[in-house]
Every structure is written in structure tokens, then in C-alpha cells.
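Here are my notes on this model, point by point. Please read them with the structure open.

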Amino acid sequence: MLYLINPMNKRIVLVLLSLAYFSNGLFSQQPGGQGKMPAEGIISGIVVDGTGNPVEYATITLFSLRDSSVVNGGISDVKGHFKLSELPLGAYRLNIKLLGFQGKEINPIYLFPKGKGKGEGIEQDFGTIALSNSEISLDAVNIVADKNQVQYKIDKKVINVSQDLNSASGTAVEILENIPSVSVDIDGNVALRGSGNFTVLIDGKPSVLQGTEALQQIPANIIENIEIITNPSAKFDPDGAAGIINIILKKKKSLGLNGVANVSAGTNDKYGANLSLNYKVGKFNLTGGFDYRDENRLGTGISNREVYTPDSTFYTNSSADRNMKHGGMGLQLGVDYYLNDNNTLSLSSRFGNRKFNRTSSTLYHDFTSPASTEDYYLRTSDMGFDGFAGNYSLDFEHKFKKPEQKLNVTLNYSTMDGTRLDNQNKYITDANGLINDNNPELNKADQIGPSNDYRYKFDFVSPIGQNGTLEAGYQGRNEIEKENYVYSTYNSVSGLWEVDPIRSNDINFSENIQAGYSTYANKFLGFEYKIGLRAEYYNRLLDQLSINEQFTMNRFDLFPSAYITRQLTKSKQIQLNYSRRINRPGGRQLDPFPDYSDPLNIRSGNPYLEAEYVDSYEFNFQNQFKQSFISLETYYRRTNNLITDVTYKLGGDTLLRTPENMNHDNSIGVETNANLVINKWWRINASGTVYYYHLIGIADGVDISNESVNWNLRLNNSFSFKSKTKIQLTGFYNGPSATAQGTRSGFFFSNVSARQDFLKDKLSVTLTLQDIFGTSGFKSTDRTDNFYSYNEFKREARIVTIALAYRLNNFKQKKNGDRNGGEEDMNMDIQE
């Protein structure tokens, strides 16, 4: 947030902001003092920030040098590009402004033919023009302007994580709790507009892990921003029915050595630490990092189940204590080598040991009606993963002589190798839960095997005409998984674990995808548009070695995308877009071999499962006024071949859960978001979503169609004080929803955080209290003619965390950029 330190400065800034709201009519007025010179001049350029990223919506104003009247103007597009055409020849000065950045002026500009006086040509391209973050000196203290929490671009929302105090500790999941379009349940499962089927990218590259599991492994304080792409263009992989969550990590390219170190600790054994370093010298930019995590999340739950047979009802009641543990250590290493001005070679890697465990201790009471049996027992469970995960990427970028024309080549390799364990033990108890069993049932299942992902892609970008841009590319992708599932039972007589060959399982799974795409963007009659088409050939093979069967699938699919944007005024914009997406089942969903880890709840895959296909439409409106911002987004999403877990009754009280393709579902909703600057010390970000969900399908011959109206609200209050103190208060409510065979209740939680900066902003201390009122919990029910199930869960509440961050060489260095776009490192803060 821009701090206005006194009424006089406030009036000055308001005057400057008003320039951004000049009407097109004003810009079309005749230039004062220029006479009737030929209107054939052109001025263009590309606006970027201090790190070289394009700056969209910068206000471009051209003034007459003679009398300072406004001659022409406009705004920069999504790529930072601007172009002022049909300009009368004359002498000018060019002003570039955007809230949160220092203004830039190019003066003088002599728009005359070369050789005529001071003429520098009637077409002048100023190349890259860098803007730095704005600062205001207040009693010898430098204050950096806050960015808006949410920024809208033609095909995505960009969330500036630096405004979220929750980023001081925890993972990407904690940050996503405060982000529009995203919801997080109390188990930490992430959903994008109500769907858990989304793709996770890290710096635009595929993650070795996917979905919620990937997000739970990324430390929050190494994230620069998060991109929410609900309707990706044809350039992106179409995987992920709901869209893409792209995590952009902090990576500074300032000269010399700089970095940040973070440590955190929380109640009930929650610890984390990481270090990020960057060193730029000559033609090299080196990055390195380390992260460590050891965190427990506690919870309790109850469950009641009824299974119906013609002559009896089987009842199972249970209560559980549960602990989710995330841990591991990782390294990040990278190097950028600038061969020359037009060629860059980059190598990046993230690798390390990753651990996840979910342990539970559950007391059961089984009985029947009419009464015949009654059992009390304890089940302990230990499920998780322990192994190595790595991602390695080699990138080459070549810039051609033609401005904005470039070629990118990327080679990417991801691997994961380790053991997925599932230990299940059963002990006979009395009615009070006391163990009286000398011969307990001890079972374990170890799933061992590597997973490898190989990708290569070529992306070409070239301007076409005055405003057009053509993108085209090719991508190859090959994924190979080998899984050896070993089920063992403990023999108390021999004291040895004995492999059960009937319940053990071996599979090989592979996918091969070859894809080509092209997109074209341009402007027409005041509209900006972007259309694209992606073609993919898909081949999959599931080799079920245990039953000696192979299941194959071959498909050819087309994935179109389209965007249309209209800038109504300087502050109002509308947008219409469409994309087709896909969600392909993985090897575990396809494997038909039953999983007997829980004898009462058997799981099995479906080798004939088909991919989901999603058609997604959006219509959006954005309005910026002064320092505030409001958006309204409407969307409709239809999923065909919907993949849904369905439960069937087997013999006795045993249930089987397996994925199936339903008919389809529909979601239609409205989402609103507001960034409101109340005054210089109080900022509000509020968002809400309401959507109607309708599921249509049949399972086990029964119509399980269901519908619900779902909604959520999110409120984030941020307070900033002159004492370098920031306080953030957040609240989130997620309303009830429908499932394939039942309902799920709503839940609410709230957090408060406070941060204090010391040592000239080099040291920051953040204190956080999560779930202030202890309200985070949910209830769910499933019901058919054959069974009824009720579950209730409550997670650990009132978690207190303290986090410290220390920045190395946290200085601000300014260089005067030249009018041809020379390098300008204006702000070298590594902000939290």
C-alpha cells in the first residue's frame, strides 16, 4: 500500500492518479502548439518491472514539449507493449506511470525525419523501459509501496504473496486459504472452483508431485507469487479439469550476493527452515536454496456406519485420534548463463527427501440387529511415503533480431522413488478400549517403485503486423511408473512377516503424449483477442503383471481456447474466455487389483476408466478506482465422463469403493473479489463465490443424481503502522455441498498474524494464531438403499507459530536507465 505521509502529498498523488482516468476523447484532442504537421509518427516500447517482467496497464501519456498539452496516450498490454500511432510530427516528452511504481519520463523526443534539425526519425521504438517500485521517504525511513494482492491479466490472476503474513511459515496450502477461486478443506485438500482436479506448476514447469500433495511440500516463504489460471490457453498442457496453479518462486537477479533465511516453530512440534541465495556476476546468475520441514497436524474424528442385508443390519461405530506428519529436506540449485544479449542457457533443479505420514488410532464397536454379535477392537494405521523426489530442467532462450521474436527450448526430467507404506494393526479390546489381545492382527503393505517423467518442448513467439502475436510449439511427454505392491501378515509363531501372494500386486504403467499448438493474438475495433488450438495424440498402457492382463487406450483430441478483452475505459475492463480441458486417470485409479489394507473398506481401480473432458466458459468484469479494485467473474463448467468414487456393498458388512465414469456434471457460478484501500493504514481484500452444482449419473443401477448450491466467503484485513508493524486478520467460511452419494457440511476458520520489522528491514518477526475460535471441522453423510455412513472430523485448533526472516544485502541500488532501455536495478528487496 502506498503510504501518503501528509495532506499535501496526498493531493499530489491524487492528481497523478487522475491522469490514468483521462477519457479517449481527451487523448483524441488536437495537440496544442503543433500546428497541422503530418500525422505519420509512431512511438512504441515495452514496459517492464525491475526484474524484467512485463508491466500491464501502465498509463502512457505523450505531452507536447512546447506547451505541455496532452497529445496522445494509451496503456501497455499484457506483454508490456504500447504503441502510439498517427502522431503529428513535433517535439514531445513521454510519461509512463502505474500505481506502485516510480514514474518514468523520456524527454525530449524529436519526432521528425532524420537529418531534419534534431530529428530522430518518424518511427521511434524505445525498447525496454524499466519501472521501479515506488518509495516515499518518511523521517529517513524508506517505505516500499505494497502491490495489489490480486492482479488480473488476459488469461490468469496473479496473487502477490508478499501481502500475506501467513507466508512467513507453513506451506503453499496455507497461502491458498486466502486466495480467490481456491478453497482448502480442514484436511488441507485444495480445490480450484470446487474441483480437486488441477495441475500444479512450479515456475511454469511440471511438478514431480501433483495436486494437494505437491502444494504441501512447497515452503510458503520461498514463494514470490501464485498464478491462478482457470482457463489456460492452448499453449499449456490441458491436464487438470479445473485449471492450473502456477507457483512462482523467489529468484532475484540483482548484482552481487543477496538472499533470505527463514526459521519457524509452532505448537505441538511444528518446525521449518529454509535458505535462499542468489549471486550474480558477469554473465552468470547463480541460485541456491535449502529447505527443512518437520510438522505434525493433529485431529480427532468419529464415524457411524450401517450396512443393510435382507435379514440383518451391521453397525460400526468408531472414534479416532489422528496425526498428519510432513517432513523432509530439499535443495534447489540453478544457474543462468547469458551467452550474449540474445541467448541465455539456464539449468535448474529441486531435489531431496520427502516424507508424509498419516497415523491414526481408532476404537471400533461392531454389532448387529437383530443382536447376534458384538465386538470391540482397536485399529492402528500408519500410511505415508518416504523417498526421493527430484525435478531437473534445462532451458535455452534465443531472441531473434526482430523485436519480441524468440525461441524457447525446454528439457525436463522428474523422478520419484521410494516406499508408500500402509501398516494396519488390529487389537481386541474390552468395552472401555483396554487391549486384552495376546495375538493381534498385524498387516502391512509396501508399494515400492520409481516414477519417471520425461518432457521436451519447443515454443516460438513472433509479432505479426502492428499488434499481432503468433505462438506455436511442439511438446513430447513420456511417463513411466513401476509399482510393486507387497502385502504381508505377521506370523506371531515364527516371528516373521509372511508375504500374501494373493493380495500382492505388480503393475507397469506408461503414458505417451505428443502435442502441437498454435495461438494468435491481436486487436480489432478496440477488442483484444487470443485464439488457440492444441492437438494431442495419447497412448496409455497398463500392464497388470499379477493377473497377466494388459489394458491399452489410444486417442486423438483437440483442445481449443479463446479470449476476448475490451478496455471500456482506463479503469474498466470486460473479458470473455473459453477453454477445453482434460483429466486423465492415473495408474492407481486404473489398477483393478483390490487393496485390502482395510478389510471393511476395500478399494479397487477401474482399467476401463476414461478421461474427463471439461468445457469451461468465463465472463469477467474488472473496475479499478483510485487505489482500489473490484472484479466480478461468472463461469460455467461442464464435465463429461465425470470420474467419481462410488461405493458398493459386498458380502456381509464389507464395502467396495471404486472410480467410475458418471454421465456428467455442471457448475455455474459467480465469483467476486475486492481490493479496498480504506485509508493509508487499512486495506481490505474480500472475495466470495456462489455456484450451483448438478451431478447426473447412475451407480449400481440406481440414479445418484444430486445437486446443491455451494458458497464461500473470505475476508482479509491488513493493517500497517508507522512503527513497521503489520497485522492481518482473516476469516473463511465454506458452505455445505453435495457429493455423489450424500452431503458435506460447511466449515469456518479464522487466523490472525502480526509482523514487526527490525534492523532497517533486515529482520522480520511474525507471530500467527490459526483457527482462533476452534471452529474448523466438518461432517459428511453418504446414503443408499444398501448402506448409510456418517463421518465427523475436527482438526487441531489455536496453533501458534513464530517465524523469523533475515535478509542478506537487503539494499536498494539505483541506476539511471538510458532511453534505449538499459538495465535498471531499482529495488533489490527480497520481500516476505
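1. Asp-757 belongs to strand E45, which covers residues 747–758. The model is a predicted one. Is Asp-757 buried or exposed? Its relative accessibility is 16%, so Asp-757 counts as buried, the cut-off being under 20%. The side chain of Asp-757 has a polar contact with the side chain of Ser-764, at 2.6 Å. Leaving aside residues up to four places away in sequence, Asp-757 touches Lys-724, Leu-763, Ser-764 and Arg-807.

2. Next, the aromatic rings. The structure holds 21 aromatic pairs. One of them joins Trp-681 and Trp-682: the ring centres are 6.0 Å apart and the planes stand at 20 degrees, so this pair is stacked. Stacked here requires planes under 30 degrees apart. Trp-681 is partly exposed at 36% relative accessibility. Trp-682 is partly exposed too, with a relative accessible area of 26%.

3. Trp-681 also forms a stacked pair with Phe-721, with 6.3 Å from centre to centre and 20 degrees between the planes. This pair links distant parts of the chain, 40 residues apart. Trp-681 lies in the loop between strand E37 (664–679) and strand E38 (682–696), while Phe-721 is in strand E41 (residues 706–721). Phe-721 counts as partly exposed, at 35% relative accessibility.

4. Strands E22 (residues 343–369) and E23 (residues 374–399) run antiparallel, joined by 25 bridges. They form a hairpin with 4 residues between them. Ser-349 has Tyr-392 in E23 as its bridge partner.

5. E23 pairs onward with strand E24 (residues 406–428), antiparallel, over 23 bridges. Thr-380 stands opposite Asn-425 in E24. This second hairpin has 6 residues between its strands. Glu-404, in the turn, has a positive phi of about 70 degrees.

6. Two lysines sit over rings. The charged end of Lys-426 is 4.4 Å from the centre of the Tyr-377 ring. Lys-444 lies over the face of Trp-497, 4.8 Å from the ring centre.

7. Which strands make up the open sheet of mixed pairing? There are 3, in the order E4-E1-E7. Strands E4 (81–88) and E7 (123–130) stand at the edges with a single partner strand each, so one side of each has no neighbour in the sheet. On average, neighbouring strands are turned by 15 degrees against each other, direction ignored. E1 (residues 39–48) pairs with E4 in the antiparallel sense over 6 bridges. Gly-45 stands opposite Phe-82 in E4.

Technical notes:
Residues are numbered from 1 along each chain as its sequence is written. This is a predicted model: local features need pLDDT of at least 70, side-chain atom pairs count only at pLDDT 80 or more; totals for chains, interfaces and linings use all residues. Side-chain values use heavy atoms; hydrogens and water are left out. Two strands pair if DSSP finds at least two bridges between them. Helices (H or I, at least four residues) and strands (E, at least two) are DSSP runs, numbered from the N terminus. Axes are lines fitted to C-alpha atoms, for helices over the stretch in contact, and angles run from 0 to 180 degrees between N-to-C directions. Buried means under 20% relative accessible area, exposed over 50%, partly exposed in between (1.4 Å probe, protein chains only). A polar contact is a pair of N or O atoms within 3.5 Å; within protein, one must be able to donate a hydrogen and the other to accept it, and residues adjacent in sequence count only if both atoms are side-chain atoms. Contact means heavy atoms within 4.5 Å. Rings of Phe, Tyr and Trp (its six-membered ring) pair if their centres lie within 6.5 Å; planes under 30 degrees apart count as stacked, over 60 as edge-to-face and the rest as tilted. A charge sits over a ring if NZ of Lys or CZ of Arg is within 6 Å of the ring centre and within 35 degrees of the ring normal.
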